[in-house]
Amino acid sequence: MKTILVTGGAGFIGSAFCHYIYNKYPDYRILVLDALTYAGNAKNLPVDICNDFDNERFEFWYGNILNAGLVDALVEQSDFVVHFAAESHVTRSIFDNKLFFETDVLGTQTIANSVGRNTNKVKKFVHISTSEVYGTAVSSKMDEDHPLNPMSPYAAAKAGADRLVYSYWATYGTPAVIIRPFNNYGIRQHLEKVIPRFVTSVLLGEKLHVHGDGLSARDFVHTDDTCRAIDLVLHAEDEKVLGEVFNVGSGVDRNILSLAEDITGLMCKEEECYVKVGDRPGQVMRHTCDASKIREVLGWEPKVSWLDGLQSVVDWYTKNEEWWRDMMWMREIPIITASGKKELH
Ligand code: NAD
């Protein structure tokens, strides 16, 4: 039996990855380390599995990735480490960024140090970075050599972690791989993120709030496709992936206005379903993934079509109101703009 440590496994992508691995690999044991911050939710994990203490394939550890002793105790049992845990919301990083640097940079350092102490056991350390490290696109599509121009404290912290992991591979030979997913969408995503916010707004009969002119654009990739990409990286020959960076995205950018139109097209019967509000500081104007490297090296391609993926998200939030009702108050975050104005974003 192989053991895989998943940090941040109670979050959005981490939990999707736990479901994916649990269902696909009956001979894998999953250890989740998660501090259950406001973004983590134990209900994201398969509850029947979590509550089954005799289940040898799954253990949940409530704890912080900054706790080196606890991290060591888990890493030393693990063949693979997949590191998702992070503070992940751009807007929150605008008003309170210290935690982002502590968790995202120093937390990653704690994990990387522990992997370095346990290379006799750990075969691969997959660090989940983000396309946000690139900042606004300076080329039509962004490959892994695109300059790193992080535009928000979140993106800067993630860029620090991304290059920290690379430096550990270069300096210590840590068996690390860096994945830069573009914007993920799927089920169980926190209401602070744009797609769940839009979907639940329509369910509640509210108008959608579109920031600025709505023309800032992102590349959306479904969590199922991201999980498959991580799986391929985990099981690839070392020579193909160690020390490498892989983008994971669809290659299509969609602006927020078109996103609002697609969601209201699926859900909203009224004429005008959205209103425009002030733009977010540190806004990235466009992200479009060039995923040719992971396609060529590992044969990965996105499989979930946009409208099918979006429909499944709409269906899930429609059926799972008890999951999201309690986080309604966190849908919008107050920030103070450069002009001193308080705005909800
Ligand atoms: P999320 O905010 O939904 O989940 C983060 C998880 O990490 C939560 O369960 C939280 O409790 C946990 N956590 C936070 N601080 C911790 C700490 N100090 N110790 C232990 N656990 C802690 O995030 P997500 O959207 O699932 O993103 C997962 C990873 O993927 C992050 O590293 C993020 O930067 C990256 N990423 C996300 C996206 C996206 O679109 N969501 C895109 C690209 C990259």
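Which residues are exposed on the other side of helix 12? The first legend gives the answer, and the legends after it turn to other parts of this predicted model.

**Figure 1**
Helix 12 runs over residues 306-319. At 1.5 Å a residue, its 14 residues should span 20 Å, and the end C-alpha atoms are 20 Å apart, which agrees. Its buried residues are Trp306, Gly309, Leu310, Val313, Val314, Trp316 and Tyr317. These residues cover an arc of only 165 degrees around the axis, so they sit on the same side of helix 12. An α-helix has 3.6 residues a turn, so residues three or four places apart point the same way. On the other side of helix 12, Asp308 and Lys319 are exposed. The cover over the buried residues of helix 12 includes strand 7 (183-185), helix 7 (194-203) and strand 9 (217-222). It also includes strand 11 (253-255), helix 10 (256-267) and helix 13 (321-324).

**Figure 1. Helix 10 and its buried face.**
Helix 10, which is among the elements covering the buried residues of helix 12, has 12 residues. At 1.5 Å a residue they should span 16 Å, and the end C-alpha atoms are 16 Å apart, in agreement. The buried residues of helix 10 are Ile256, Leu257, Leu259, Ala260, Ile263, Thr264 and Met267. Seen down the axis, they fall within an arc of 160 degrees, so they line one face of helix 10.

Strand 3 pairs with strand 2 (residues 28-34) in the parallel sense, over five bridges. Leu31 stands opposite Glu59 in strand 3.

Strand 10 pairs with strand 6 (residues 176-181) in the parallel sense, over four bridges. The bridge partner of Pro181 in strand 10 is Val248. Val245 and Asn247 point one way from strand 10, while Phe246 and Val248 point the other way. All of these residues are buried. In a regular strand the side chains alternate between the two faces of the sheet.

Phe17 lies in helix 1 (residues 12-24). Is Phe17 buried or exposed? At 0% relative accessibility, Phe17 counts as buried. Not counting residues up to four places away in sequence, Phe17 touches Ile4, Val6, Val82, Phe84, Cys227, Ile230 and Leu234. The C-alpha atoms of Phe17 and Trp323 are separated by 19 Å, and the two residues are 306 places apart along the chain.

**Figure 2. Two cysteines without a disulfide.**
A disulfide is a covalent bond between the sulfur atoms of two cysteines. How many disulfides does the structure hold? It holds zero. Cys18 is buried, with a relative accessible area of 2%. Cys227, one of the residues that Phe17 touches, is in no disulfide. The cysteine sulfur nearest to that of Cys227 belongs to Cys18 and is 8.9 Å away. Cys227 is buried too, with a relative accessible area of 2%.

**Figure 3. Ser216 in a loop.**
Ser216 lies in the loop between strand 8 (208-211) and strand 9. At 7% relative accessibility, Ser216 counts as buried. Leaving aside neighbours within four places in sequence, Ser216 is in contact with Arg254, Asn255, Ile256, Gln283, Val284 and Met285.

**Figure 4. Two loop residues with positive phi.**
Leu36 is found in the loop between strand 2 and helix 2 (47-50). Its phi is near 45 degrees, a positive value in a residue other than glycine. At 30% relative accessibility, Leu36 counts as partly exposed. Arg188 is placed in the loop between strand 7 and helix 7. Phi of Arg188 is near 65 degrees, also a positive value in a residue other than glycine. Arg188 is buried, with a relative accessible area of 14%.

Technical notes: Residues are numbered from 1 along each chain as its sequence is written. This is a predicted model: local features need pLDDT of at least 70, side-chain atom pairs count only at pLDDT 80 or more; totals for chains, interfaces and linings use all residues. Side-chain values use heavy atoms; hydrogens and water are left out. The expected span of a helix is 1.5 Å times one less than its number of residues. Buried means under 20% relative accessible area, exposed over 50%, partly exposed in between (1.4 Å probe, protein chains only). The arc is that of the directions from the helix axis to the C-beta atoms. Contact means heavy atoms within 4.5 Å. A disulfide is a pair of cysteine sulfur atoms within 2.5 Å. Two strands pair if DSSP finds at least two bridges between them.
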